[in-house]
Amino acid sequence: MAVVVEKNLVQRVRGFVEVENLSVSFKRKGHCVQVLDSVNFKITPGEFVCLLGPSGCGKSTILNAIAGFIQPTSGFVFVNKRHVDAPSADRGFVFQQYSLLPWKTTFENVEFGLKIKGTPKAERTELVDYYLNLVGLSKHRHSYPHQLSGGMQQRASIIRALVNSPSVLLMDEPFAALDAQTRHMMQELLLSIWSDLKTTVIFVTHDIEEALFLSDRIFVMGVNPGRIKQQIDVTLARPRHVDSMLSLDSIALNRQVFELIREETLKSMEAD
Ligand SMILES: Nc1ncnc2c1ncn2[C@@H]1O[C@H](COP(=O)(O)OP(=O)(O)O)[C@@H](O)[C@H]1O
Ligand SMILES: [Mg+2]
């Protein structure tokens, strides 16, 4: 049965994200450790940005502050000029894994946020059906998470966030646990969804190729304390395909980013 796609139900919201002098410290063994030092950036509506850096540099901490999961020690986060001080479905979050509710079906997991918001049942069903179809999960609507492959679970996690029409989609290494082939298919699927919805996306990864393939801009992070070391404009033409990554421009960018990351990885290893 063909799913009737009611596109007018799908709202396109594009968030403007501003991070101002964001610093975060955590207590560790009685000491105060500064994890982020005065991070500043602006992300324009509809932009796809990757935060790239070695493990422990503070990527997740930035994302968690934008989500409102943690409070900055100092500084501010604004989304569409509104100060962020708590989580909201307006900032959709996709975690690395295991984030679907195991006792709910795919349909119920995707529907959950809309139910909480009080969206009427007919509208809920139409929206969830639209998104399930978009990522090829219609046949699995009644399956439980343990019956789905890792790739399917992540597709469900992405649309569970998107169904709430977030201003910004925050993704924390969402494909890191998938095998290489599935990961590449997920990257292509994400780009095709984004080129249609043009939601603002902030995507955390430690994989240079993934960042180059996906983003308009890469924020390369430095360590100890975490900060934005350099912003790289990824000028590769869209739509991007596997072959885009073999172009001379892409190889030159890869080399440039590799050198930046290498320095930081060495620094973080010395600090261990
Ligand atoms: N809640 C916390 N309490 C104490 N230390 C934390 C907490 N969250 C993160 N950290 C520390 O902050 C640093 C950055 O963490 P994180 O943002 O997760 O890095 P990344 O995502 O880049 O790997 C790490 O050294 C980590 O151990
Ligand atoms: Mg992390």
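Me: Buried means under 20% relative accessible area, exposed means over 50%, and partly exposed is in between, with a 1.4 Å probe and protein chains only. Which residues of helix 2 are buried?

Reply: In helix 2 (residues 106–117), the buried residues are Thr106, Phe107, Asn109, Val110, Glu111 and Leu114. Helices (H or I, at least four residues) and strands (E, at least two) are DSSP runs, numbered from the N terminus. This is a predicted model, in which local features need pLDDT of at least 70 and side-chain atom pairs count only at pLDDT 80 or more, while totals for chains, interfaces and linings use all residues. Residues are numbered from 1 along each chain as its sequence is written, chains are lettered from A and ligands numbered from 1 in the order in which they are written, and side-chain values use heavy atoms, leaving out hydrogens and water.

Me: What covers the buried residues of helix 2?

Reply: The cover includes helix 3 (121–134) and helix 4 (150–162).

Me: How many residues of helix 1 are buried?

Reply: Helix 1 (residues 59–67) is mostly covered, with 8 of its 9 residues buried. Among them are Lys59, Thr61, Ile62 and Leu63. Glycine 68 follows helix 1 and has a positive phi, near 90°.

Me: Changing topic to strands: how much of strand 9 is buried?

Reply: For strand 9 (residues 217–222), 6 of its 6 residues are buried. In a regular strand the side chains alternate between the two faces of the sheet. On one side of strand 9 the buried residues are Arg217, Phe219 and Met221, and on the other they are Ile218, Val220 and Gly222.

Me: Which strands pair with strand 9?

Reply: Two strands pair if DSSP finds at least two bridges between them. Strand 3 (residues 48–52) runs parallel to strand 9 and is joined to it by 4 bridges; here valine 49 stands opposite arginine 217. Strand 10 (residues 227–233) pairs with strand 9 in the antiparallel sense over 6 bridges, and isoleucine 218 has isoleucine 232 as its bridge partner. The hairpin of strand 9 and strand 10 has 4 residues between the strands, and asparagine 224 takes a positive phi near 50° there.

Me: In what order do the strands of the open sheet come?

Reply: The order is 2-1-4-5, with antiparallel pairing. Strand 2 (31–43) and strand 5 (82–83) are the edge strands, each pairing on one side only. Strand 1 (residues 17–28) is joined to strand 4 (residues 74–79) by 5 bridges, and serine 23 has serine 74 as its bridge partner.

Me: How many residues are in the largest nonpolar core?

Reply: A nonpolar core is a set of buried Ala, Val, Leu, Ile, Met, Phe, Trp, Tyr and Cys residues joined through side-chain atoms within 4.5 Å. The largest one has 52 residues, and those with the most contacts inside it include Phe48, Tyr131 and Ile218. Helix 5 (residues 180–197) gives the most to this core, with 7 residues. Another core, of 30 residues, lies apart from it and includes Val17 and Leu36.

Me: How many aromatic pairs are there?

Reply: A search of the whole structure finds 9. Rings of Phe, Tyr and Trp (its six-membered ring) pair if their centres lie within 6.5 Å; planes under 30 degrees apart count as stacked, over 60 as edge-to-face and the rest as tilted.

Me: Why is the pair of phenylalanine 41 and phenylalanine 219 called tilted?

Reply: The pair is tilted because the planes are at 55°, with the ring centres 4.9 Å apart. Phenylalanine 41 lies in strand 2 and phenylalanine 219 in strand 9, so the pair ties together parts that are 178 residues apart in sequence. Phenylalanine 41 is buried at 4% relative accessible area, and phenylalanine 219 is buried at 0%.

Me: Which residues do ring pairs link into a cluster?

Reply: The cluster is made of Phe48, Phe175, Trp194 and Phe203. Over the ring of tryptophan 194 sits the charged end of lysine 198, 4.7 Å from the ring's centre. A charge sits over a ring if NZ of Lys or CZ of Arg is within 6 Å of the ring centre and within 35 degrees of the ring normal.

Technical notes: Contact means heavy atoms within 4.5 Å.
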